[in-house]
Amino acid sequence: SWNRLPAAGGSSTRGGGSRGRGGFSSATASAISGRALALVVCATCGFGSGRGSQQPAMSTLVPEAETVAGVSADAATAHVEEDAAVAVARRTLPSGLEVLVAQEMPEFEVAAELRATAFYEDLEERQALPFPPRFVATFRREFAQRERRALKERTAQPSGPSRRCLCLMSRLPDLGLVGCLDVSVRTGPCASQVNGVCVSEGEQYVYIDNVAVDSAARRRGSASAML
């Protein structure tokens with residue numbers, strides 16, 4: 001369940017839903033950051049509780065990343081690392097469930113709608129809306145619009161403590177895009193404790209947040225596959 005979600009572009013969420021199991025292999029961590037990462041933070045929510053988006057999902061294909069001519073050596077290195085991360089993240093399970101990296105606006109739109117719907121549905125169920133229920137549709141629409149723009153920006157360039165951010169999505173053959181999460185490589189210090197320890201100055205770690213799965217696709221492995 002989604003108990004908290006910051007404004008678009010914010011940091012972590014905290015939820016009371018099922019915690020995803022598993023983590024990054026050394027190959028995955030190296031592909032994301034270019035070297036092994038010391039810590040993995042997981043703040044997941046939205047799956048396993050029966051809550052979430054009721055919106056129909058749409059399927060799109062993720063194009064191959066294009067090579068930009070004339071970029072600096074640093075930018076070229078980052079581009080290669082990002083391609084490696086996208087390649088590691090993209091997979092298809094025997095069940096037909098696919099994991100991909102959102103790179104185009106149609107995918108960002110689905111992810112933003114999933115998060116906005118899950119957030120306000122949770123507030124309604126807990127009777128914690130800070131405004132009359134008749135305004136939910138308006139606030140949800142505005143939330144999705146802000147999150148869509150923020151997703152495009154923070155996956156395109158460093159933002160705040162994040163060196164790089166990828167938006168992973170899951171797709172089912174019969175439902176299309178049904179799940180999403182953000183995974184970012186961040187640099188310490190981190191004010192809060194991570195896995196029981198504080199992140200020191202200059203130390204890199206992986207942070208996972210904004211996890212949501214469509215309620216029609218729950219308990220089919222989407223969140224676990226993305227994690």
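I started with strand E6 (residues 162–172), which four bridges join to E5 in an antiparallel run. For pairing I required at least two DSSP bridges between two strands.

**Ground rules.** I am working on a predicted model, where local features need pLDDT of at least 70, side-chain atom pairs count only at pLDDT 80 or more, and totals for chains, interfaces and linings use all residues. Residues are numbered from 1 along each chain as its sequence is written, and side-chain values use heavy atoms, with hydrogens and water left out.

**The other side of E5.** I asked which strand else pairs with E5 (residues 98–101). Strand E4 (residues 91–92) does, through two bridges, and the two run antiparallel. Arg91 stands opposite Val99 in E5. E4 and E5 make a hairpin, with five residues between them. I checked the turn and found Gly96 with a positive phi of about 100°. I also noted a general point: side chains in a regular strand alternate between the two faces of the sheet.

**Whole chain.** I counted five helices and 10 strands. These are DSSP runs numbered from the N terminus, with helices (H or I) of at least four residues and strands (E) of at least two. The chain has 227 residues, and 44% of them count as buried. Buried means under 20% relative accessible area, exposed over 50%, and partly exposed in between, with a 1.4 Å probe and protein chains only. I took contacts as heavy atoms within 4.5 Å. Among contacts between residues at least 6 apart in sequence, 73% join residues at least 24 apart. The chain exposes about 11100 Å², and carbon and sulfur atoms supply 51% of that. The areas come from the Shrake-Rupley method with a 1.4 Å probe.

**H3 against H4.** How do helix H3 (residues 105–125) and H4 pack? Their angle is about 140°, and their axes lie 8 Å apart. That makes H3 oblique to H4, because oblique covers whatever is left after under 35 degrees (roughly parallel), over 145 (roughly antiparallel) and 65 to 115 (roughly perpendicular). The axes are lines fitted to C-alpha atoms over the stretch in contact, with angles from 0 to 180 degrees between N-to-C directions. I listed the residues that meet; among them are Phe108, Ala112 and Phe119 in H3, and Phe139, Phe143 and Leu151 in H4.

**Arg146.** I found Arg146 in helix H4 (residues 136–156).
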